[in-house]
Amino acid sequence: MAQTRKVALITGSGRNIGRAIALGLAEDGFDVVLNGATDRAACEAVAEAARARGATALVAMADVGQEAECARLVAEAMAAFGRVDVLVNNAAIRPALPFLDTPEESWRRVLAVDMEAARWLARDCLPGMLERGWGRIVNLTGMNAIQGYDGHAAVSVAKHAVWGLTKALAKEFGARGVTVNAISPGPIAPDGQDPAQAPAALLARIPAGRRGTPEEVAALARLLASGQGGFVNGQMLQVNGGTQT
């Protein structure tokens, strides 16, 4: 009997870190659900690349800053594959706004995309993981979950909350075969950029002397999503070249 392939749902997977994670998991034998809010063409290109790696790939566009859209996203994944084994909460927005000038609507939008989406999607994916006795949730937090940044109060609040959610869910569900971890990337070069090329002031803050690559972040996500990553639970792991220690 053919072994059922595991399925990974990755939000914000049309480019950069999300794209690298999706393609890495496809290489590792996962089928993938790719998600974006607006750029379907980018997600379709990642889907084609995933299929070239042997995966079945579904593009499911959704605005994860809306609870109903998160529910629809998981429902589409379930309709196509019947399961979600790995959830990667990667989608985020990071507007730069002084705290006193941040409109209430903007504040709530950041918290919805950067924090609530992780809760909504975990809530909708966890029942199947628990039924099968195996699951992985990987939350991308960034350095905003470690320290505050001038002009990014809403993002820092949201990402600190995701770190708290990560720890709580790891405790609650770890004994039932589900691990929940966070990855905190530091300065990462976008797709197509040379990691060694960046403003001198930025490079001076990175002991590695360069920015990281999306694939270096994806390598950690691939470990956390694997069977070999099963003893890592409730942790926030940094990929930042020594920028924050």
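Student: Is Asp124 buried, partly exposed or exposed?

Tutor: Buried means under 20% relative accessible area, exposed over 50%, and partly exposed in between, with a 1.4 Å probe and protein chains only. Asp124 has 27% relative accessibility, so the residue counts as partly exposed. This is a predicted model, in which local features need pLDDT of at least 70 and side-chain atom pairs count only at pLDDT 80 or more, while totals for chains, interfaces and linings use all residues. Residues are numbered from 1 along each chain as its sequence is written, and side-chain values use heavy atoms, with hydrogens and water left out.

Student: Which residue forms a salt bridge with Asp124?

Tutor: A salt bridge is a side-chain nitrogen of Lys or Arg within 4 Å of a carboxyl oxygen of Asp or Glu. Asp124 forms one with Arg123, where the closest N and O atoms are 3.6 Å apart. Arg123 is partly exposed, at 39%.

Student: How many salt bridges does the whole structure hold?

Tutor: A search finds 16. One of them links Arg83 and Asp85, at 2.8 Å from N to O. Arg83 is buried at 17%, and Asp85 is buried at 1%. Another joins Arg72 to Glu76 at 2.5 Å; these two lie four residues apart in helix α3, about one turn of the helix.

Student: In what order do the strands of the sheet stand?

Tutor: Helices (H or I, at least four residues) and strands (E, at least two) are DSSP runs, numbered from the N terminus. Two strands pair if DSSP finds at least two bridges between them. Here seven strands form an open, parallel sheet in the order β3-β2-β1-β4-β5-β6-β7. β3 and β7 stand at the edges with a single partner strand each, so one side of each has no neighbour in the sheet. Between β1 and β2 there are four bridges, and Val7 stands opposite Asp31 in β2.

Student: Which strands does helix α3 touch?

Tutor: Contact means heavy atoms within 4.5 Å. Helix α3, residues 67-81, packs on the sheet and touches β1, β2 and β3.

Student: Where is Thr243, and what does the residue contact?

Tutor: Thr243 lies in the segment after β7. At 18% relative accessibility, Thr243 is buried. Leaving aside neighbours within four places in sequence, its contacts are Met143, Pro187, Arg205, Ile206 and Pro207. A polar atom of the Thr243 side chain is also 2.7 Å from the backbone oxygen of Asn240.

How values were computed. Polar contact = N/O pair within 3.5 Å; in protein donor to acceptor, adjacent residues only side chain to side chain. Axes fitted to C-alpha atoms, helices over the stretch in contact; angles between N-to-C directions.
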